[in-house]
Amino acid sequence: MEVKYNPQEFEKKWQQKWADDKLYKVDENSPKPKWYALTMFPYTSGDLHIGHWYAMAPSDVHARFKRMQGFNVLHPIGFDSFGLPAENAAIRRGIHPYKWTMQNIENMRKQLKTMGSIYDWDREIITCLPEYYKWTQWFFLKLYEAGLAYKTKAPVNWCPKCQTVLANEQVVNGECERCNTPVVHRGLEQWFFRITKYADELQDHKGIDWPERIKIMQHNWVGRSEGAEISFGLDCPGVEQKEIRVFTTRPDTVHGVTFMVLAPEHPLVEKITTPENRAAVDEYISKSRRETEIERLSTEKEKDGVFTGAYCINHLTGEKVPIWIADYVLLGYGTGAVMAVPAHDTRDFAFARKYNIPIHIVIAPPDWDGQAIKEAWTEAGTMVNSGNFNGIPNEQGKSAVCDYLQEKGWGKRTISYKLRDWLISRQRYWGAPIPMVYCEKCGIVPVPEKDLPVLLPENAEFRPTGESPLKYVESFVNTKCPKCGGPAKRETDTMDTFMCSSWYFLRYTSPHCTDSAFDPAKVKYWMPVDIYTGGAEHAVMHLFYARFFTKAIRDMGLVDFGEPFLKLFNQGIIIADHQKMSKSRGNVVNPDEYVSTMGADVVRAYLMFAGPWEQGGDWNDSGIAGVSRWMNRIWNLILEDLPVPTKASEEIRRELLRVTHQMIKKVTNDISQMQFNTMIAAFMEYTNYLIKVKDTGTIQTADWKDITEILMKVLAPTAPHTTEELWYLTNHTGSIHNESWPKWDESLVKEDEITLVIQVNGKLRDRINVPASISEAEAKKAAGDSPKVKSFIDGKETVNIIYVPGRLVNIVVK
C-alpha cells in the first residue's frame, strides 16, 4: 500500500527538534578536524528569493556531507545590513533604516530556517548593530595607525541643485536621477585605504584554489605594468613646475612623441593654458565633468580634445611637443599625463588624424619602405628615426632607452598599476560612522578606542536631497577633541559597506566576544575559511577588499595568515523560462510557495538537479514536479513492506551490493566536486534500480535494511527533513545527521562483467559480455570468435587488432 509523502507534516517538527537539541551547535573543543564552510551572507533586502536558495542550499549540502565525514563543521549565517537601500526606504516610506532593516532580518531569518540548513544561529552576526560596527570602527583606527587610512581630495559626482554627492549609479545620461540637473565632477575631501601598497601581493594567488577567471579578473584589476617614467621639460611663463612626468610601457617609442595629453582635471591645465585657448579649454573641462569615468573610457566613444596653447620639450629629440587635454586621460591613473605616439598607438593615431597632428614612425614594420602608414603599427619591429638607437630591435630598445634616460636624469625604470586606493567615504547615514574628529587646534584626531562605538544617532532626519542626515544632527557633530578637550566636530561620512564584509568571516569565530573583534585562539582554530561560495560578481570588490584587509591585519600581527579563503567556488544564476528573473517579466520565483506545497527538500533537490551549479539552471514547474515524484518514490520505497522472498538469489544480492557501492562512490565524488546535478541523477538511477530489485521478491529483510540505511544516509545532506523522518519511522534512535557517511568497498565496486564493443574496420558489428578481468589476448580471441563478426573477417587478411581495455576491440582487415 502506498504511503503518502506529506513534508508539511514533519519539516517544521524537525526544524524545531534540531533547534531544541542544539544539534548544530558548534564549538572548538572537538577532537575532529575543523572545516570552515562559508557562503556569502545576504543583504537585508526583505525577502529570500530563489537566487538566495540557489546559493545556500547546495553549500549546505556540502557542509552536511563534511559533517557526516567526521569534520567539526562551522557553517554560519548573518546579515550584511548597512547600505543605501535602507536609507532610500527611509526616504520613500518614512521608516527609519534600523526599523526597516530589522524587520527584513526577522522575515529573512524565518525564511532561512525553512531551508533546514545546519546554521548555528547562536553565531549569527548583523553588521548594523553597535556590537559589530564597534569593531569595524576599531579596524579603521588600526588601519589609520598603520598609515593605511588617509584623507585627501578626490573627484566625485556632484549635483549642484541637490547639493550632494551621487554614486555612479545615480547618474543617468550625465544627469542627476532625482532632479535631472547636469552632474559635474568636483573635488571633495574623502577617506581612502591604501590598498595599492598590497598591489603585488593581491596579484599573487599562490596557495589558494580559486577559479582561473576570478584570478585573471583580479590580476587585470591590479593592472601591473613595467615601464619607464619619463620627464618632459616645461617652460611656461609664471609656472613654477619645470617638468611633466609620464609613465609608459613603450619607452622605445619616445622619439615618436608628437603631442602630450593631460587629464582635463590635471592641476597644470589651469596654469599653462594660454589666454587665446582659455574659453575652449574651460568649455571642454565643463563637458568632461558631466561624464562618468566609464563614459570617458568607453571604446565606442570618439576621442576628442582641446589644445592648451602650451608646449613641453622632448629631451631626447629637443622638439617642442604641443600639450592637449582629452577626457580619455584620467587624473587617477598614472600621472594624469600621457605621451602620445600616434604611429604606434591606435587611440593616438585616430586622435592625430582627427586634429592633423604629425605622425612619426619610429618602429619600422618588417619590409617597411619608408612610406606613411595607414594604421598604427603596434607590433614588434626595428627602431628607426630614433637617433643612436636606430637599427635595434624594439624589445631590446626598451631597455636601452631606459638606461639612457637614467644616465641623463630624464627618467627611470618603474612599475605602474591600474589599481587605485579604496575610497571608503560615503556621504550617507546608514553605515558605520568613521571614528575621527576635527579640531581647529589639533587637526584630525582619532576617537579613542575606549569611546567606541561612535553610535549612529536615532533622531536623524532623512531628506530627499540624498545628503547625509548626520551633517544636521548637532548632538552628533559637536563633540570634544580627545587630545586637547576643546570643541571639535565629528566626521559625518560613513564607511563603505564593503568594510563590514571585509572581516565578517573572522567575527563568526567568536561573535559574542566583547573585549576584542575576535578571539585570537578561535581565529587560529577556524581560519582560514576552507571553502567560500558565492557569486562571481564579487570578484574585484568584496573578494579583493577582504584579501587586502586580511593581509593588512596580518602585518599588524593580528592574524598569522594572509589569505582568508583557501578555496573559492562560484555558483551560476538560476533563471526562469530561459530569461533572467525580474518583476517586470513576471517570472520571479518565490520559494516560499513551493516550500509550502512540495516541501523544502524537494526545492533543495530540484535546485541542484536544474544544472551544473557553477553554470546555473533554468527553473520550470514541470522539472520540480518530477523531483517531487522522485521524492515520493523514495518515501514509498523505504516505508512500504518488502515482499516476502519467494526465492534466494545470491547473484542478485551480489549485484545489489555492487550497484550500491558504485552509488556511494559516485555520490561521494560528486558532492566533493560540487557536481550536484549528476549526484541527483545518480540518486534517481539508484532509486529506479532499487524499485526494480525490490519487486523481484528475492531480497532478504536484513539485506534490505542495510541497503535502505545506506540510501537514507547518503541522501541526508540533500533531503535533511525527509531522511530524518524516515530514520525515525524505520525505528532508528538518534538523529540521522549524527551518523557517519557510508564508505564504499573498492572490491565491490568493480563490475563482474563488462560489455565489449566489437568493430570491424571501425564499424560496429557486435557487443559481447565478458569477465571484467579479461586479458587483452582473451578479449581479441573472443572478438574473433563472435559469430556476428566472423562473416566480416573470414577470408580477409587481418592487418591490426586495436584493443581499448574494458571498452572495445576493433579488427582492421583488408
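Reader: Which residue in strand 31 does Glu 753 stand opposite?

Author: Glu 753 stands opposite Pro 771 in strand 31. Keep in mind that this is a predicted model.

Reader: OK. Do strand 30 and strand 31 pair in the parallel or the antiparallel sense?

Author: Antiparallel, over eight bridges. Strand 30 covers residues 753–760, and strand 31 covers residues 763–771.

Reader: How many residues sit between the strands in that hairpin?

Author: Two residues lie between strand 30 and strand 31. Asn 761 takes a positive phi there, near 55 degrees.

Reader: And what about strand 30 and strand 33, parallel or antiparallel?

Author: Those two run parallel and are joined by four bridges. Strand 33 is residues 808–813. Within that pairing, Ile 758 stands opposite Val 809.

Reader: What holds paired strands to each other, in general?

Author: Strands of a sheet pair through backbone hydrogen bonds, and the pairing can be parallel or antiparallel.

Reader: Different topic. What is the order of the strands in the open sheet of four?

Author: The order is 2-1-26-27, with parallel pairing. Strand 2 (72–74) and strand 27 (568–571) stand at the edges with a single partner strand each, so one side of each has no neighbour in the sheet. From one strand to the next, the twist averages 20 degrees.

Reader: How many bridges join strand 1 to strand 2?

Author: Three, and the two strands run parallel. Strand 1 is residues 34–39. Its residue Lys 34 stands opposite Asn 72 in strand 2.

Reader: Which strands does helix 2 touch?

Author: Helix 2, residues 50–68, packs on the sheet and touches strand 1, strand 2, strand 26 (531–535) and strand 27. The direction of helix 2 makes about 175 degrees with that of strand 1.

Reader: Now pockets. How much space lies in the second largest pocket?

Author: About 480 Å³. Its lining has 19 residues.

Reader: Which of them lie nearest the centre?

Author: Gln 15, Trp 18, Ala 19, Lys 113 and Trp 121 lie nearest the centre of the second largest pocket.

Reader: Which helix gives the most to the lining?

Author: Helix 1 does, with five residues. Helix 1 (11–20) and helix 4 (97–114) each supply at least two residues of the lining.

Reader: How many of the lining residues are nonpolar, polar and charged?

Author: Seven are nonpolar, five are polar and seven are charged.

Conventions. Residues numbered from 1 in each chain as written. Predicted model: local features only at pLDDT ≥ 70, side-chain atom pairs only at ≥ 80, totals over all residues. Heavy atoms only, no water. 1 Å grid on protein atoms, 1.4 Å probe; cavity = no way out; pocket = protein on both sides within 12 Å on 5 of 7 lines; lining within 4 Å. Points joined across faces, edges and corners; volume = space filled by probe spheres on them. Nonpolar A, V, L, I, M, F, W, Y, C, P; charged D, E, K, R; others polar. Pairing = 2+ DSSP bridges. Axes fitted to C-alpha atoms, helices over the stretch in contact; angles between N-to-C directions. Contact = heavy atoms within 4.5 Å.
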